[in-house]
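Subject: Structure handover

Hello,

Here is the structure we discussed. Please open it alongside this note.

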Amino acid sequence: MRAWHRGFIAAAAVGALIASAPRVVAQTGAQNESRVYGDPGVAPTHPLEVTDDVGRRVKLPFELKRIVTLAPNLTETIYALGLGDRLVADTNYCDTPPAAKAKAHVGDPQNPSLEAIVALQPDLVLATTSINRVATADALERLGIAVYTTAGDTQTVLQMIDSIARLADLIGAGQQGAEVIGQMRQRLDTLHARLADRPMVHVLFVVSEPPLITIGQNTFIADALRWAGAESVVLSKQNWPQLSIEEVVRLQPEYIVFSEGHAGAAVEELAELRSRPVWRELDAVEMGHVVDVSEEAVRPSPGLVDAIEQLAREVHPEVFSRKNEIQDVESAWAGLKPAPTTGCGGLSPCAR
Amino acid sequence: MSEIAGDTSPLLPSVMPSPRAPGARLKVEQASFAYAATDRSAPKFTLGPTSFEAQQRELVAILGPNASGKSTLLGLLAGLARPLSGRIEVDGTEVSLLDLRTRAQRIALVQQESELLFPLRVWEYVLQGRYPYGRRLRFESSEDCLLAGNALAQVGADALRDRWMDQLSGGEKQRVILARALAQQPSLLLLDEPTQHLDIGGKVELLRRLRKLADDSRYTVLVVTHELNLAAEFCDRIVLLHKGKCLRVGTPAEVYERELLEEVFEAPLEVEMRASGRPRVIARGNY
Amino acid sequence: MRPLTPRRIAWVCAGLFGVLFVAGVISLRLGAYPISVRDIVTTLFQGVIGRWDDMPGGLKSIVWEIRLPRIMLGILVGASLSTAGAGFQALLRNPLADPYVLGVSSGAALGAIISLIAAPHAPGAIQLAAFAGAAATIAAVYFLGRRGGQLDSATLLLAGIVAASFLSAIIMFLMTTLSGRDLRGMAFWLMGDLGTISPANPVRWFEALFAVFVIAAGAIYATSSDLNLILTGEQEARHLGVNVNRVKLVVYVAASVLTGLAVSVSGAIGYVGLLVPHLMRMMFGTDYRLLVPTSALGGAILVVLADTLARTIVSPTELPVGAMTAIAGAPVFIYLMRRRVR
């Protein structure tokens with residue numbers, strides 16, 4: 001009986017100890033309500049409260065000196081806005097522009113290390129709906145860190161551009177943002193004008209394979225294709241539908257578009273498809289209409305416009321004759337963008 | 001093999017240190033039972049009204065061929081089900097009315113072994129027999145250990161104490177299972193076909209041990225079996241069942257009648273009466 | 001003959017508590033952001049005495065808001081899963097039983113998916129919905145698993161497996177046909193994730209979890225003598241006076257509740273419920289009066305250590321905890337199996 005008693009008392013004591021720990025943990029939650037982040041030494045600057053693309057209220061300090069991005073497209077956008085030196089960390093996957101690879105990393109977009117983020121004491125963390133989890137943003141918010149989530153899964157390219165514009169305004173890069181967006185819009189408009197009287201080319205856009213995953217009608221990628229004068233043959237409402245090869249045979253696209261992004265990819269893919277039983281009988285494969293564009297095609301970032309132009313060249317080669325290209329070069333010199341690469345068209349892949 | 005001969009350790013003087021009721025008076029009156037495969041189908045098996053009695057120091061055999069109702073009867077005796085009609089009483093109390101723990105304190109049923117899932121030592125196994133005494137979540141006292149030790153001694157398995165259960169031979173395991181039942185300090189000891197997996201040496205040893213338990217320790221022992229000769233040799237009373245009916249109750253000499261046995265076991269048999277007054281059954285060959 | 005005594009239980013548990021404490025300290029120490037032990041002790045101490053303002057900057061968040069809640073959650077989840085696993089192994093009379101075999105985790109996952117579709121931003125919705133899914137599955141499998149009005153081990157196992165497969169199929173279907181972005185988190189959740197749960201009200205949360213754990217684990221512990229007997233055979237146990245049907249029901253409900261609890265808050269962390277009871281059996285014997293507390297503590301230790309590994313091995317990338325327990329678990333399990341053959 002005595003042993004029992006002792007055991008019970010010991011267990012109760014330990015249990016009480018464990019049970020009291022949550023109480024102490026809770027204190028911190030209460031304390032953090034009024035702060036922007038956990039460092040008690042710095043008096044918080046007057047915060048600006050905004051609503052992000054998913055409806056979360058975010059308190060932004062006026063001075064945004066330390067930014068962390070949680071997705072490659074956001075990193076690219078930050079650099080495009082000229083704020084690369086304010087970026088203190090990004091993810092393992094951020095490789096555009098190359099300077100981004102040298103930044104400190106906080107992990108994968110899907111599961112970044114909260115500790116690493118907190119330790120960096122960022123003023124703002126950028127997340128996007130297309131690759132980050134709600135749980136990550138929630139957790140950061142509860143830790144008192146400002147998290148701004150952009151809408152990555154927009155339905156149109158223009159919506160995506162608006163999202164970038166909004167972000168640029170909010171982080172104090174309104175002017176830079178206006179320039180970048182102005183260029184993007186101008187290039188798209190030019191392209192649109194060029195392709196105005198051309199019929200749309202029917203394409204199958206391959207996200208990955210096998211299994212064959214393509215894009216649905218409600219994605220910005222489908223819209224991007226339209227800007228390039230191409231129409232996706234897949235009429236699905238799902239965002240990333242999976243197709244069988246039979247369906248592709250039925251749809252008979254004029255072009256098959258990959259987004260591998262490395263030199264010679266189109267040639268490789270064509271050879272690969274020519275070696276496969278059912279694929280090799282597709283019209284597109286027989287005619288050699290297999291095209292590759294950069295990875296930016298699936299990324300909601302400024303580089304998307306490059307990919308759109310690249311695709312337009314591939315599927316409407318007749319529009320981009322030398323005469324037209326000289327016009328391009330001239331207008332590019334007038335603007336701030338480097339000249340688009342030349343020498344593409346028809347069956348030869350674009351060197352990039 | 002017959003360790004019972006070498007079972008020289010005298011039964012410890014304090015075999016039952018705490019008072020135990022002497023062997024129960026078992027009274028079975030017109031107990032019958034029927035069970036069906038499902039609620040709605042016709043009864044698959046019935047046990048007709050059966051009556052007999054057993055006292056302390058008696059070793060009773062419930063005898064019959066397969067599917068004669070022996071196990072059903074045993075189940076009723078153990079209180080697993082209420083008889084459809086009639087009563088089964090142990091020391092005046094109806095068995096099926098007893099609560100589980102009290103029943104386990106009075107009646108111990110030794111079944112054929114089932115497979116142990118995890119390794120267990122012999123003494124741990126036997127100690128489990130003390131479960132009916134004390135609280136549900138309990139820790140064994142020194143008294144429990146003493147009683148378990150005694151139980152092991154009673155079956156001559158003292159040397160097996162620290163062995164692992166799954167390393168025992170069939171006969172050894174049988175003894176240990178019996179020891180666990182004895183650790184329950186029951187008044188009534190029921191065994192269901194205990195000799196099935198034993199060779200002749202093991203069978204004899206077991207019955208002799210049961211006989212000893214009945215005689216010296218005053219248990220009331222009931223054994224379900226179809227071993228005619230063993231039953232005749234060791235038991236005081238036989239309950240003969242056939243296709244769910246109790247045909248006869250009495251001493252071996254009274255029950256072992258040639259025509260009766262031939263009808264029950266459906267085989268050509270001969271019954272020989274020996275000098276000891278106990279009969280012997282011989283199978284007749286084709287000559 | 002050395003029967004189990006409360007003293008032995010107390011000693012073993014004290015020892016395991018010590019190991020758990022060390023594991024906790026290690027887990028606090030390691031992480032993407034290096035903190036010295038001295039800083040940890042200072043931070044903890046200042047937190048306990050209420051001096052929040054004196055803590056070195058940034059440490060407060062990391063220690064108190066990220067690592068400590070994670071460790072505590074790991075302890076709770078590990079203890080719940082192992083206790084449930086030990087219970088199920090006895091209930092189903094199967095050493096290969098783990099807490100998920102009866103479909104509770106699939107039900108919780110389905111609840112979580114539905115809540116992600118319906119209300120992705122509602123705080124705590126996922127956990128509640130997951131627990132509701134678990135509860136519904138518990139009830140359904142119970143009714144399917146009865147035979148003659150009582151729980152029958154073999155029937156229960158079959159019912160659970162069928163439920164698990166059916167629910168998993170529905171989950172697969174939903175995940176492929178619905179393209180909501182929030183479903184992306186499901187893949188993580190399904191593999192077990194201790195990281196991003198930081199509820200709005202941690203005190204209430206942890207206290208509620210702890211209370212449920214104590215009640216359910218206590219219920220299982222109260223039947224541990226009975227379970228010892230049931231493991232030698234159900235009929236035998238009945239003859240010894242065990243109310244087998246009631247014990248099975250209690251263990252079923254309690255173990256399922258523990259599983260539902262663990263899965264609701266952290267997804268399906270695998271191997272813990274299967275391995276830890278076996279490990280503890282090998283070390284401390286098969287008596288459930290000792291096995292239940294040691295499994296709980298052992299599970300807590302395992303999850304805390306696995307989570308620490310998951311956080312630090314390829315820092316700053318965080319691997320899912322379930323992957324770590326599986327990677328560590330498979331070889332240990334194989335070793336155990338070969339030992340059994342002896």
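Predicted model: local features only at pLDDT ≥ 70, side-chain atom pairs only at ≥ 80, totals over all residues.

Chains B and C

Chain C puts 24 residues into its contact with chain B, and chain B puts in 30. On the chain C side, α9 (224–230) and α10 (234–239) each supply at least two residues. The largest share of that side comes from α9(C), with 5 residues. By class, the side of chain C that touches chain B has 9 nonpolar, 11 polar and 4 charged residues.

A helix pair in chain C

Look next at α12 (residues 272–284) and α13 (residues 288–312) of chain C. They pack at an angle of about 125°, and their axes are 9 Å apart. α12(C) and α13(C) are therefore oblique to each other. The crossing of α12(C) past α13(C) is right-handed. From α12(C), the contact residues include V272(C), V276(C), L279(C) and F284(C). Among their counterparts in α13(C) are L290(C), L291(C), G298(C), G299(C) and L302(C). The residues of this contact divide into 10 nonpolar, 4 polar and 1 charged.

Domains of chain A

Domain 1 of chain A gives 8 residues to the contact between them, and domain 2 of chain A gives 5. The domain 1 side holds 2 nonpolar, 5 polar and 1 charged residues.

Best wishes

Terms used
Residues numbered from 1 in each chain as written. Chains lettered and ligands numbered in written order. Contact = placed C-beta atoms within 7 Å. Helix = DSSP H or I, 4+ residues; strand = E, 2+ residues; numbered from the N terminus. Nonpolar A, V, L, I, M, F, W, Y, C, P; charged D, E, K, R; others polar. Axes fitted to C-alpha atoms, helices over the stretch in contact; angles between N-to-C directions. Parallel < 35°, antiparallel > 145°, perpendicular 65-115°, else oblique. Left-handed = near helix turned anticlockwise from the far one by under 90°.
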